[in-house]
Amino acid sequence: MGYWIFVALVLVAMTIALVLPGYRLRKAVAAPFPDEWVAILERNIGVYRHLPMPLRLQLRDLIKQFLHEKHFDGAGGLQITDEIRVTIAAEACMLLLNRKTRVYPSLRYIIVYPSAFVVERQQGGEDGVVSEGRKDLLGESWSNGKVILAWDSVLHGSSNFVDGQNVVLHEFAHQLDSESGSTNGAPILVGNNCLRTWASTFSAEFEELQQEAWKGRRSLMDHYGATNPAEFFAVATETFFEKPVQMATHHAELFEVLKCFYRIDPRDWQAPSAPG
């Protein structure tokens with residue numbers, strides 16, 4: 001008799017362990033979105049007021065899930081506040097709008113510094129000698145479940161949503177990229193149209209940006225995207241969300257491929273032009 005009681009208790013414990021996380025998540029997502037968080041979005045996310053209401057509501061649910069599942073740590077003396085958490089979550093979740101996908105399933109920790117942080121990196125010289133060097137960074141995405149960000153850069157990018165420079169969009173594009181098993185500029189693609197055109201379009205656009213960078217020509221996309229395919233995808237994502245009209249005009253095929261992947265058209269979010 002004692003054996004069967006033990007088995008029953010184990011089964012109950014296993015059931016609770018399986019069901020409880022889902023219950024807690026549904027409860028967190030169903031909770032009202034605090035007015036204080038809305039104020040943060042309206043103050044810090046430059047494009048938020050121009051989002052159609054269905055996307056605003058969708059974004060709020062994604063933010064609640066993101067904040068329920070991810071842990072924030074302050075570094076360099078920074079104290080984590082709701083403003084930091086909500087602002088970062090909002091920008092990260094903009095990449096998930098209209099996409100039937102999990103909310104960065106491999107990501108566990110977001111580490112936030114007050115400003116640029118220093119890392120030690122091995123650097124190879126032209127002579128083949130590898131040396132240790134210090135490098136200032138604004139953001140970094142790791143494959144072991146971490147994203148590191150500089151808060152002042154986050155805030156600048158979130159409020160100025162038109163300059164094509166956004167550290168959160170950039171680093172979380174890397175997170176999407178890594179979901180395929182390798183951070184190589186080829187995230188998980190859905191749909192035959194995306195699959196057929198992704199490789200050829202990205203290859204041609206990446207080569208074009210490399211040529212522009214090598215010749216020192218001005219380009220719509222930051223030359224940092226010419227570093228490698230992974231950085232090209234991240235930079236192209238920044239440009240797609242922040243300069244959609246220009247990208248659709250000057251890089252039409254790339255814009256269409258990204259629109260297919262992200263399932264949205266950021267041109268719909270642009271602030272109305274002031275009367276001339």
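The model is predicted, so local features need pLDDT of at least 70 and side-chain atom pairs count only at pLDDT 80 or more, while totals for chains, interfaces and linings use all residues. Residues are numbered from 1 along each chain as its sequence is written, and side-chain values use heavy atoms, with hydrogens and water left out.

- Helices (H or I, at least four residues) and strands (E, at least two) are DSSP runs, numbered from the N terminus.
- In β6 (residues 146-150), 4 of the 5 residues are buried (under 20% relative accessible area, 1.4 Å probe, protein chains only).
- Strand β2 (residues 109-113) pairs with β6 in the parallel sense over 5 bridges, where pairing requires at least two DSSP bridges between the strands.
- I111 is the residue opposite I148 in β6.
- Strand β5 (residues 139-141) pairs with β6 in the antiparallel sense over 3 bridges, and G139 stands opposite L149.
- The hairpin of β5 and β6 has 4 residues between the strands, and G145 takes a positive phi near 90 degrees there.

**Nonpolar cores**

- A nonpolar core is a set of buried Ala, Val, Leu, Ile, Met, Phe, Trp, Tyr and Cys residues joined through side-chain atoms within 4.5 Å.
- The largest core has 68 residues, and F66, I88, Y104, F172, L258 and Y262 have the most contacts inside it.
- Helix α4 (residues 82-94) supplies the largest share of this core, 8 residues.
- A second, separate core of 6 residues includes I148, along with A75, V119 and L137.

**Surroundings of F66**

- Beyond its neighbours within four places in sequence, F66 is in contact (heavy atoms within 4.5 Å) with residues including F72, A89, Y104 and F172.

Methods:
Buried < 20%, exposed > 50% of the residue type's maximum accessible area, 1.4 Å probe, protein only.
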